[in-house]
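Hi everyone, thanks for making time this morning. I'd like to walk you through one model, starting with the whole chain and then stopping at a few places along the way. Here it is on the screen.

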Amino acid sequence: MIVATAGHIDHGKTTLVRALTGVDADRLPEEKRRGMTIDLGFAYWDAGQAGRIGFVDVPGHERFVRTMLAGVAGVDLALLVVAADDGVMPQTREHLAILNLLEAPGGAIAISKADMASPDRVRQVEADIRALAAGGPLAEAPVFAVSGVTGAGVDALKQFLLRQARQTVRPPAAGRFRLAVDRVFQLRGAGLVVTGTAYAGAVKGGDRLRVAPGGAQARVRGLHAQNQESHAGRDGERLAINLAGIDLDQISRGDWLIAEDGLLATTRIDVRVTAAAEALDGRGLQDGQSIHLHHGAADVPGRILLLDRRRLAPGEAGYGRITLERPVSAVAWDRFVLRDQQGQATLAGGRVLDPDPPARRWRRDARFVALDTGDAAEALRAALADEPSVAWHAFALARNLGDGARAAVLRAVDHVRLGEGVSALLAAPERVAAIEAMIEAALTGWHAERPEEPGAATVALRHRMPERVPVPLFDAVVARMTDARRITRAGGRLALPGHTVRFSDQEERL
C-alpha cells in the first residue's frame with residue numbers, strides 16, 4: 001500500500017512519517033538546513049502480514065505544489081495533516097482540492113502537534129476540517145489527534161493503516177506496463193536508476209521498455225519494489241528500476257517508462273473536466289484559457305478548449321480538448337489536474353477520455369458521451385454506435401488493454417472485424433451490412449448503365465454510394481466482399497459475380 005501525505009508547510013508531515021516508520025524522508029541537505037520538504041521524500045514501514053507500507057512525503061509550500069502533484073498521483077491512501085495550533089491554512093485547502101480533483105481513494109486526517117493545543121482547540125480544528133472535506137473523498141475519513149514528538153495518537157493511526165493495508169487486495173496486474181517517473185539519478189556501481197509509481201502492468205528483470213514520449217529504448221537490469229530488491233514489480237507499487245542502454249539525458253521526471261508495444265505520445269487530449277470548487281478568483285475555467293497540465297509527474301503548458309460553453313463555473317463539469325506545447329504519454333481514464341498559467345492556483349481536474357483524438361469534427365457531444373466510461377467494452381459499444389468504424393489497435397492502445405482484456409472486450413461487444421494487425425477496423429454488423437447492400441446496389445446500377453465495361457473502378461464506385469463512407473472502411477468492406485466472392489476484382493475494377501461484357505446491337509453488327 002502507498003500513502004501520500006498532504007497539508008500546509010510546517011504542519012508536521014515529515015515528523016509524522018518519521019514517527020510512523022522511523023525514517024526521515026527529508027534526504028536533501030537543503031531540506032535539512034531549511035527544515036522543510038522541497039522534493040518528494042520516501043519512507044517504508046515493514047508491517048508484517050500487512051506487507052510493506054510506503055509513504056510519499058510531499059512538500060507543503062505553495063511554490064512546490066507541482067512537486068506535491070507528482071507525489072499524490074496513483075497512491076492508495078491520502079493522509080491529510082493539519083497542525084492543531086495553525087488549523088486550516090491555504091495549502092491545506094489547495095491540497096484537499098487536489099485530492100478531490102484526483103478522485104483520491106480515501107484516507108485519514110491527522111491533527112498534528114496535538115500536544116501544543118487544548119482539547120477544545122483540537123475539536124475546533126476537527127470541525128473546520130470536516131466542513132472543508134464535506135462531499136469529497138475524505139468526508140468520512142477518520143480523524144486522529146497525534147504528536148510526532150510525544151508519540152500520542154500515533155499507535156491508533158498505525159492500527160488504522162494496518163487495517164487498510166490488509167484490506168487492500170490488488171487484482172492481477174492488467175494492461176501494458178506504465179510507470180510515472182519522478183526521480184532519475186546515477187548510482188555508482190549500478191548506473192542509471194529511475195523511481196516512480198507503477199500505474200499498470202508488471203515488469204521484471206530483462207524486460208525491454210521505452211521512454212515516453214521520447215521513445216528511447218532501455219533494458220531492465222534490476223529493480224526494487226517497495227524499497228526491497230525484487231525480481232519483479234507491478235501496478236500499485238513504488239519501484240526503483242536500474243536501466244541499461246540509456247543515458248541520463250534521455251529520461252527525466254515527468255516521462256513514463258512503458259512496455260515496448262505501448263508507446264503513445266500526443267499533444268492533444270480530449271477530457272472530462274471539473275472546475276475546482278475554489279477556483280482562481282472564483283472565475284472557474286474559461287474556454288481558451290492557458291493552463292499547466294499535471295499528469296503523473298509531468299507539468300506541461302497548454303490551452304483548454306471547452307466543448308459547448310464559454311466557461312465552467314466552480315464545481316461545474318464539462319467536456320473539452322487540451323492542446324499541449326510538448327507531447328505527453330497518456331491513456332484513457334488517467335487523472336490529471338490543471339493549474340493556471342503562472343502556476344499559482346489550482347483550476348480544475350478530471351479524466352482523460354481520448355489521448356489520440358481526431359484533429360477535426362471533435363465538437364460533438366455524442367462522441368464525448370460515448371467515451372465517458374471506464375468500462376472498455378461499454379466505450380467500444382458506444383463508439384461503434386456513434387462512429388462508422390473504430391481503429392481497433394488505436395482503441396486498445398489508448399485504453400492500455402492487455403492481451404486478455406482485448407480478447408474479453410471483443411467477446412463482449414457485437415462487431416465485425418475488418419482486416420488484421422494494426423490496420424484492423426471494427427464496425428457494427430448492421431453498418432457493415434448496410435454498406436455491403438449499397439455496394440451491391442451501386443454495382444447493379446453501374447452494370448445496367450455500362451454493360452460494355454468489365455466493372456467499376458473503386459473510386460468511381462465509392463462516389464456512387466448514396467452516403468459517404470470513409471475510404472479505409474469502404475476498402476475494408478470491399479476486401480471482405482471479395483474474399484466472400486460476393487463481388488469480383490479484376491484489372492482494378494469491381495463487378496458482381498456472373499457479370500459479362502455485353503455489346504449493344506450496333507456494336508454487335510459492327
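Of the contacts in the protein chain with a separation of 6 or more, 68% are between residues 24 or more positions apart. Do keep in mind that this is a predicted model. The chain has 510 residues, and 51% of them are buried. If you draw a box around the C-alpha atoms along the principal axes, the box comes out at roughly 115 × 55 × 40 Å.

For those of you who think about surfaces, the chain exposes about 22700 Å², and carbon and sulfur atoms supply 48% of that. As for charge, there are 64 positive and 63 negative side chains, with the centres of the two sets 2 Å apart.

Now let's zoom in on strand 4, residues 77-83. How many of its seven residues are buried? Seven of the seven. Both faces are covered: Leu77, Leu79, Val81 and Ala83 are buried on one side, and Ala78, Leu80 and Val82 are buried on the other. Strand 4 also has partners. Strand 1, residues 2-6, pairs with strand 4 in the parallel sense over four bridges, and there Thr5 has Leu79 as its bridge partner. Strand 5, residues 107-112, is joined to strand 4 by six bridges, again parallel, with Ala83 opposite Ser112.

Next stop, a glycine. Gly205 sits in the loop between strand 9 (202-204) and strand 10 (208-212). Is Gly205 buried, exposed or partly exposed? Its relative accessible area is 41%, so Gly205 counts as partly exposed. Leaving aside residues up to four places away in sequence, Gly205 touches Val220, Leu223 and His231. Ser230 is 25 residues from Gly205 in sequence, and their C-alpha atoms are 8.9 Å apart.

Strand 28 is joined to strand 29, residues 493-495, by three bridges, and Ala490 stands opposite Arg493.

Notes:
Residues are numbered from 1 along each chain as its sequence is written. This is a predicted model: local features need pLDDT of at least 70, side-chain atom pairs count only at pLDDT 80 or more; totals for chains, interfaces and linings use all residues. Side-chain values use heavy atoms; hydrogens and water are left out. Two strands pair if DSSP finds at least two bridges between them. Helices (H or I, at least four residues) and strands (E, at least two) are DSSP runs, numbered from the N terminus. Buried means under 20% relative accessible area, exposed over 50%, partly exposed in between (1.4 Å probe, protein chains only). Contact means heavy atoms within 4.5 Å. Accessible areas come from the Shrake-Rupley method with a 1.4 Å probe; for residues, only the protein chains shown count as cover. Lys and Arg count as positive and Asp and Glu as negative; His and the chain ends are not counted. The place of a charge is taken as NZ of Lys, CZ of Arg, CG of Asp or CD of Glu.
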